[in-house]
Amino acid sequence: MVRRRESIYFFLFRFVAYVAVGFLVLVVLLLVKLGADALSLTFLTKPWSHRDIASGGIIQAIAGSFYLGLGIVVVGVPLGVATAIYLVEYSRENVWKRIIELAIQNLASVPSVVYGLFGFAVFVNLLRFGSSLLSAVLVLSMMVMPWVITAAVEALKSVPRRWRESSLALGASRWSTIRRIVLPAAMPGIITGSIIGLARALGETAPIIIVGATFYMNGLPTSVFDKFMTLPYHTFILATQHADPKAPSYAAATAVVLIGLTFCMSVGAMVLRTLYRRRREW
Amino acid sequence: MPPVISGHNVNVWYNGLHALKDASLEIAERQITAFIGASGSGKSTLLRCLNRMLDTIPTARATGEIFYRGQNVFAPDMDVMALRRRVGMVFQNPTPFPKSIYDNIAYGLELQGYVNRRRIGLLRRQPIDPQAMAASTDRLDRAVMQSLQDAALWDEVKDRLHKSALGLSGGQQQRLCIARSITVQPDVLLLDEPCSELDPISTRKIEDFLLALKRDYTIVIVTHNMHQARRISDETCFFHLGELIEQGPTGVVFATPRHPLTRDYLSGAFG
């Protein structure tokens, strides 16, 4: 009887796990089936053609999303890691630290469109960056910061205290200790957290529409003050606003590219993590 | 000869808990001084005062005076990094960094600006085989090799200098940590129960190592193993519930303890 119950529960849990995997496979299969006709080398490498969408590609959207990602890695990730270092390594346990931690927790649950509105008011208008790549990078960087901070704080906290003490006991400064002992040990966790944040940010549509994403532009952005195209916004427009009968198929194909991009990033994170682990073991 | 370190009325509180009460002591040059006593008797606390490692415990507060070769250790303008280069410390659990054996030893010297031509920036160091290492004229190579030889580790690790130090046995790791501390050529070496997690054979090797180091270094060792104190130390300080009860030459303290508490502890009545 007990065995029987056990096997029923076991079956249930296995079933739920398979359902989760099933959803992922289903989404990807559906998108690939819908977008199969549109996916081609032309689609990946040629600029968007407004009149005849079949004759062009989505290179501007790919490039736009790539630039955004690069911007977040350059602006948002270092700021987040620096904040985490301050919180874990330097800040004393006091009211200020509590307030900062509380603010970060709350920022993580602010809807992305609110970040967009903030960016529109501050970066676009007040600082006069205009509707631009720069404004969008700053908005998305702000958005990923709480995630990066949380991941980095966990990674830094998991570095054993005794390594810090041993380094200090050799006459190292706190900064040398952080740079040469703590950060390398925390790196795998920081990279993983950052890339998950990056992938989520690149899928965002609402905040970047407000601060500079556009559905169509000539050529690629040439400066940080240019407008830009992105994969999620492109998908959105094709799926809902475009009259061409082939548009849904192209929307699906664009979504496949976006999923592919985030998938590549996860794989990249895994590879980096393994490399760091191996460096430790030699 | 004046003492290397002298402490006067040192008190330490952790969050209001009075952990060390009015301890005064003198530590003689090129001798091994043992701090013995039960857990929570304040011996590790006093040890951590000597090179300001107490600073790493946010709740700790210390008063009193400690002088290291005439310098006031507790003075606000004390250069703590310079002090710790002169007064090194080895901890209870072996704490090799997650780096190669070579990099572990080289770390302290690299902090002081030694550069090794086989390493550019933070990139991985080019490996070197034992023969080339023995023949090398590079300052860092020589210092690393010397430290490993002093620790009697050279023969055990020479073929895996560039493998992770975490792959060594517990005893080897602890000897590596001591070697790492002496590579920066300190004046005083503080050890906080360095053998408490090791087997008797590894313990023996470390004791031999410390006895050899005594020629060049002043050593303070915290131990809850009174036999170890008797085997290797010249001076013994007995601590009980935060008080330094008795200090004297090890032979005298063990043969004719003045204080009844010391007598009870040494005879195994408690602790």
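Modeller: Helices here are DSSP runs of H or I with at least four residues, strands are runs of E with at least two, and both are numbered from the N terminus. The model is predicted, so local features need pLDDT of at least 70 and side-chain atom pairs pLDDT 80 or more, while totals for chains, interfaces and linings use all residues. Residues are numbered from 1 along each chain as written, chains are lettered from A and ligands numbered from 1 in written order, and side-chain values use heavy atoms, without hydrogens and water.

Colleague: How many helices and strands does chain A have?

Modeller: Chain A has 11 helices and 0 strands. One of the helices is α7(A), residues 161–169. Just after α7(A), G171(A) has a positive phi of about 90°.

Colleague: Which residues of α7(A) are buried?

Modeller: Buried means under 20% relative accessible area, exposed over 50%, and partly exposed in between, with a 1.4 Å probe and protein chains only. In α7(A), 7 of the 9 residues are buried, so this helix is largely enclosed by the rest of the structure. The buried set includes W163(A), R164(A) and E165(A). Over the whole of chain A, 44% of the 282 residues count as buried.

Colleague: How many helices and strands are in chain B?

Modeller: Chain B has 11 helices and 10 strands. Its radius of gyration is 19 Å, close to the 18 Å given by the globule rule for 271 residues, so chain B is as compact as a globular protein of that length. That radius is taken over C-alpha atoms, and the rule is 2.2 Å times the number of residues to the power 0.38. Of the residues of chain B, 56% count as buried.

Colleague: What are the spans of the C-alpha trace of chain A along its principal axes?

Modeller: Chain A spans about 70 × 70 × 40 Å. The C-alpha atoms of chain B fill a box of roughly 60 × 45 × 35 Å.

Colleague: What area is buried between chain B and chain A?

Modeller: The size of an interface is often given as the accessible area lost when the parts come together. Buried area is that loss, found with a 1.4 Å probe and summed over both parts. Between chain B and chain A it is about 2,500 Å², with 60% from carbon and sulfur atoms. On the chain B side, P98(B), Y107(B) and R124(B) lose the most area to chain A, together 22% of what that side buries.

Colleague: How many residues of chain B are in contact with chain A?

Modeller: Contact means heavy atoms within 4.5 Å. By that rule, 29 residues of chain B are in contact with 21 residues of chain A.

Methods. Buried area = accessible area lost by both parts, 1.4 Å probe.
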